[in-house]
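Hi everyone, thanks for coming. I'd like to walk you through some ring contacts and helix packing, so let's get the picture up.

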Amino acid sequence: MIYLDNAGTTKMFEECAAVHKTFSCDAFFNPSALTNEAVEIERLIKRAEKNFLKELGVSDGNVLFTGCATESNNLAIKGAFRSGDWEYVFSAGEHPSVYNVAKKLELDGVKVYFVPLAKNGQVDLNELEKVLNKKTRLISVMHVSNETGAINDLEAVSKLKERLCPRAVLHVDGVQAFEKIPFSLRKTSVDLYSFSAHKIHGPKGVAGLYVKNKDSLKELFQGGGQQYGVRSGTENVSGIMQFAKAVELTDVEANLAHVQELKKRFVDSLKCEDGIVNADFGGSPYIQNLIFNGVKGETMLHALNKAGVIVGLGSACSAKKAGNRILENIGFSKDEVISSVRVSFNAYQTFEEVEKAGKIIVDVYRDIKERVA
């Protein structure tokens, strides 16, 4: 089986399984306790937090460890929400865990703006500039699109924020960027940044939220006051340590170079078939959209699955819903949208593997076209 849905989830490093055993069966202590063993666990969590800050390119602020990126995004938006005559601004390309929170705010009578995407898949900065003002409380813009791989310019967004609404909170969903593309938050005005373990070969069930100033967030539920009183609850020590191990094992620059070549070879293997359109947005090489003229994407997905190749229809959180909100916003026709699939790579795949996948995709597409002609 050739797995090309890595934007959905990744295979966990085996080293993480060993870390899980250590912190679940041996060093299993509750970091909130007062024993020497518990204090040592708390120290290890603090050290992991500092290492995550370093990976994000910052030296101040905090990292809250959550149960998933959906929780991180919800905590960021709902925690930053304030009642009053405020306005909330979201790009139209956000993941469901951001977009649906925004829609709920809108239903509750909050003033919400959705900024459209440009043809390159990025948030339209000209349109963003039009809606930002002194009433803007929060801006939420994804770093790398989970649907297209388009990369938003966080420095440009930050400059707009500083000029037009310096008191606003800037939240970024960085799930598809963290440990995949080089960046530093130090060069931005980002206040909140979400990231997740299972997208980088760590375990499911643990994620992070960078918080520049914890006073910008209110607690969403009450408890023992862990994690600076913002996210109460006993920490998932094993998950945090596994997440830290996954980061330790990742070489961002080397992986990026490898995946760029992976994508090139994969795309080249499809060029013999004119009916397969490479919808490339020039962003992260980890994500690639394909449009199969005359064949539904869902049909291709199931046929490829039987042939030994796993692809996706976009975000796993919305894969069972018809259409693709992101591609539609960019300007793709309905026929193109329903004929699209998302291919996504990981840095540990071989050139031979993706070239073989390309050949299978071409063969499966031609076979379906012949049968439906």
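Let me start with a term: a charge sits over a ring if NZ of Lys or CZ of Arg is within 6 Å of the ring centre and within 35 degrees of the ring normal. Here, Arg325 lies over the face of Tyr99, at 3.7 Å from the ring centre. Keep in mind that this is a predicted model, where local features need pLDDT of at least 70 and side-chain atom pairs count only at pLDDT 80 or more, while totals for chains, interfaces and linings use all residues. Residues are numbered from 1 along each chain as its sequence is written, and side-chain values use heavy atoms, with hydrogens and water left out.

On to rings with rings. Searching the whole structure turns up 16 aromatic pairs (rings of Phe, Tyr and Trp, its six-membered ring, with centres within 6.5 Å). Phe52, Phe65, Phe178, Phe195 and Phe243 make up one aromatic cluster.

Now the helices, which are DSSP runs of H or I, at least four residues, numbered from the N terminus. Two packed helices are described by the angle between their axes and the distance between the axes. The axes are lines fitted to C-alpha atoms over the stretch in contact, and angles run from 0 to 180 degrees between N-to-C directions.

So how do helix 8 and helix 12 pack? Helix 8 (residues 252–268) and helix 12 (residues 351–372) pack at about 30°, with axes 8 Å apart. That makes helix 8 roughly parallel to helix 12 (the word covers angles under 35 degrees). Where do they touch, taking contact as heavy atoms within 4.5 Å? His258, Glu261, Leu262, Arg265 and Phe266 in helix 8 meet Phe351, Val354, Glu355, Gly358 and Ile361 in helix 12. Two of those names come up again: the charged end of Arg265 sits over the ring of Phe351, 4.0 Å from its centre.

Helix 12 has another partner, helix 9 (residues 297–307), and here the angle is about 120°, with axes 10 Å apart. On the helix 9 side we have Thr299, Met300, Ala303, Leu304 and Ala307, and on the helix 12 side Ile360, Ile361, Val364, Tyr365 and Ile368.

Last pair: helix 3 (residues 69–80) and helix 4 (residues 96–107) pack at about 35°, axes 9 Å apart.

Conventions
Phe/Tyr/Trp six-rings, centres within 6.5 Å; stacked < 30°, edge-to-face > 60°. Helix = DSSP H or I, 4+ residues; strand = E, 2+ residues; numbered from the N terminus. Parallel < 35°, antiparallel > 145°, perpendicular 65-115°, else oblique. Contact = heavy atoms within 4.5 Å.
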